[in-house]
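I opened this notebook to record what I looked up in the structure. The entries follow the order in which I consulted it.

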Amino acid sequence: MIARVEIYSEAEREIADVTVLLDAHDPVLGSDFLHVTRAAIEQINTFPFSAPVIHATIRKKVLGRFPYIIYYYVEGDVLFVMAVAHQKQAPLYWYGRGPG
């Protein structure tokens, strides 16, 4: 387990934006998305190296029920969540946020 989780402000905004979008269609979907996202981040925190590496140290965790991916990396004892991105829309728009 990682000592600390840091979620980029852009990723926080993406989570909020998706929640609002889903709530507009069905109020239950927004809360479900938040629950699934939080559970995925907890799972990543517990098993940080279980998700596949997509480039250098950046890993991705697919949200099963929703077409979104959590992109993250681990540096020391900190887990950094860089983005929560739709699988099909604007791929790699978040890439400039990476470590370094």
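Helices (H or I, at least four residues) and strands (E, at least two) are DSSP runs, numbered from the N terminus.

I noted the provenance next: this is a predicted model, in which local features need pLDDT of at least 70 and side-chain atom pairs count only at pLDDT 80 or more, while totals for chains, interfaces and linings use all residues. Residues are numbered from 1 along each chain as its sequence is written, and side-chain values use heavy atoms, with hydrogens and water left out.

**Entry: the sheet.** I found an open sheet of five strands with mixed pairing, in the order β1-β5-β4-β3-β2. At its edges I located β1 (4-7) and β2 (53-55), each of which pairs on one side only. On average, neighbouring strands are turned by 35° against each other, direction ignored; such axes are lines fitted to C-alpha atoms, for helices over the stretch in contact, and angles run from 0 to 180 degrees between N-to-C directions.

**Entry: strand pairs.** I recorded that β1 and β5 run parallel and are joined by four bridges; I7 has V81 in β5 as its bridge partner. Eight bridges pair β4 with β5 in the antiparallel sense, and E75 stands opposite V78 in β5. These two strands form a hairpin with two residues between them, and G76 in the turn has a positive phi of about 65°. Strands β3 (residues 58-62) and β4 (residues 68-75) run antiparallel, joined by four bridges, with K61 opposite I70 in β4.

**Entry: burial.** How many residues of β5 are buried (under 20% relative accessible area; exposed is over 50%, partly exposed in between, with a 1.4 Å probe and protein chains only)? I found nine of the nine buried, so β5 is largely enclosed by the rest of the structure.

**Entry: helices.** I checked α1 (residues 9-25) against α2 (residues 27-46): their axes come within 6 Å and cross at roughly 150°. The two helices are therefore roughly antiparallel (angles over 145 degrees; under 35 is roughly parallel, 65 to 115 roughly perpendicular, the rest oblique). Residues making the contact (heavy atoms within 4.5 Å) include I15, V18 and L22 of α1 and L29, F33 and L34 of α2.

**Entry: helices on the sheet.** I saw that α1 lies across β1, β4 and β5 (78-86), running at about 40° to β5. Helix α2 also packs on the sheet, where it touches β1, β3, β4 and β5, and its direction makes about 30° with that of β4.

Definitions and conventions
Pairing = 2+ DSSP bridges.
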